[in-house]
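Me: Hi! Could you walk me through this one? I'd like to start with the charged pairs.

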Amino acid sequence: MAHGHPAWSFFIENDNMIPMLGWDALRTRSQDLSPAVTLNGLIYVFSAEQVRQGGQLITENTIPYLAHDEEESIEVDTPFQWRVAELIASRRELPKIELRLPSSRADLLDESQRLAGPPQALFGERLSN
């Protein structure tokens, strides 16, 4: 969820606070606001072709992945946030992932599918099978 709802967020213009969604939205009680989410970079899944094509990767076809555990979606943009993430990680038991070294291209494809599961996008375009 968004830490600050867009209805209660502002632009600063000529030293004045301008509500992002207008003054009427600002008058709404926080309990009555629709839920809002923000991108946080937790996970993005795209095909290599989508990245090579460039352009906008987040579109109206983007499928959201909502992280409900604040510890799983902590922002790491500053040295302080990195230290907080390290502290959280040091107190959690991380899942064990079994990696197998592939001996051929077919084995490599099988292993990547085993780890990734069926092709699907969480934050990205829907991928075709």
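Reply: Happy to! A salt bridge here is a side-chain nitrogen of Lys or Arg within 4 Å of a carboxyl oxygen of Asp or Glu. This is a predicted model, in which local features need pLDDT of at least 70, side-chain atom pairs count only at pLDDT 80 or more, and totals for chains, interfaces and linings use all residues. Residues are numbered from 1 along each chain as its sequence is written, and side-chain values use heavy atoms, with hydrogens and water left out.

Me: Good to know. How many salt bridges does the structure hold?

Reply: There are 3. D24 pairs with R27, with 2.9 Å between the closest N and O atoms. D32 and R29 also meet through their side chains, at 2.9 Å from N to O. Then E49 forms one with R52, where the closest N and O atoms are 3.6 Å apart.

Me: Where do E49 and R52 lie?

Reply: Both are in helix α2, 3 residues apart, about one turn of the helix. Helices are DSSP runs of H or I with at least four residues, strands are runs of E with at least two, and the numbering goes from the N terminus. Helix α2 covers 48-53.

Me: And D24 with R27, are those two buried or exposed?

Reply: D24 is exposed because its relative accessible area is 62%, and R27 counts as exposed at 61%. For those words, buried means under 20% relative accessible area, exposed over 50%, and partly exposed in between, using a 1.4 Å probe and protein chains only.

Me: Why are D32 and E49 called partly exposed?

Reply: D32 has a relative accessible area of 48%, and E49 has 40%, so E49 gets that label too. R52, the partner of E49, is exposed at 62%.

Me: Switching topic: how do β1 and β2 run?

Reply: They run antiparallel, joined by 4 bridges. Two strands pair if DSSP finds at least two bridges between them. Across the pair, F10 stands opposite P19 in β2.

Me: What's in the turn of that hairpin?

Reply: The hairpin has 2 residues between its strands. N14 sits in the loop between β1 (10-13) and β2, and D15 is in that loop as well. N14 has a phi near 50 degrees, which is positive in a residue other than glycine. D15 has a positive phi too, about 65 degrees, and is not a glycine either.

Me: Are N14 and D15 buried or exposed?

Reply: Exposed: N14 is at 69% relative accessibility, and D15 has a relative accessible area of 78%.

Me: Nice. Which residues form the nonpolar patch on the surface?

Reply: F11, I18, M20 and L21, with about 360 Å² of accessible area together. Patches are made of residues with over 30% relative accessible area and no salt bridge, joining like charges within 9 Å and nonpolar side chains (Val, Leu, Ile, Met, Phe, Trp, Tyr) within 5 Å. The areas come from the Shrake-Rupley method with a 1.4 Å probe, and for residues only the protein chains shown count as cover.

Me: Where does I18 lie?

Reply: I18 is in strand β2, residues 16-19, and is partly exposed because its relative accessible area is 33%.

Me: Last one: where is P35 found?

Reply: In the loop between α1 (23-26) and α2. P35 counts as exposed, at 68% relative accessibility. The C-alpha atoms of P35 and H5 are 8.1 Å apart, with 30 residues separating the two along the chain.
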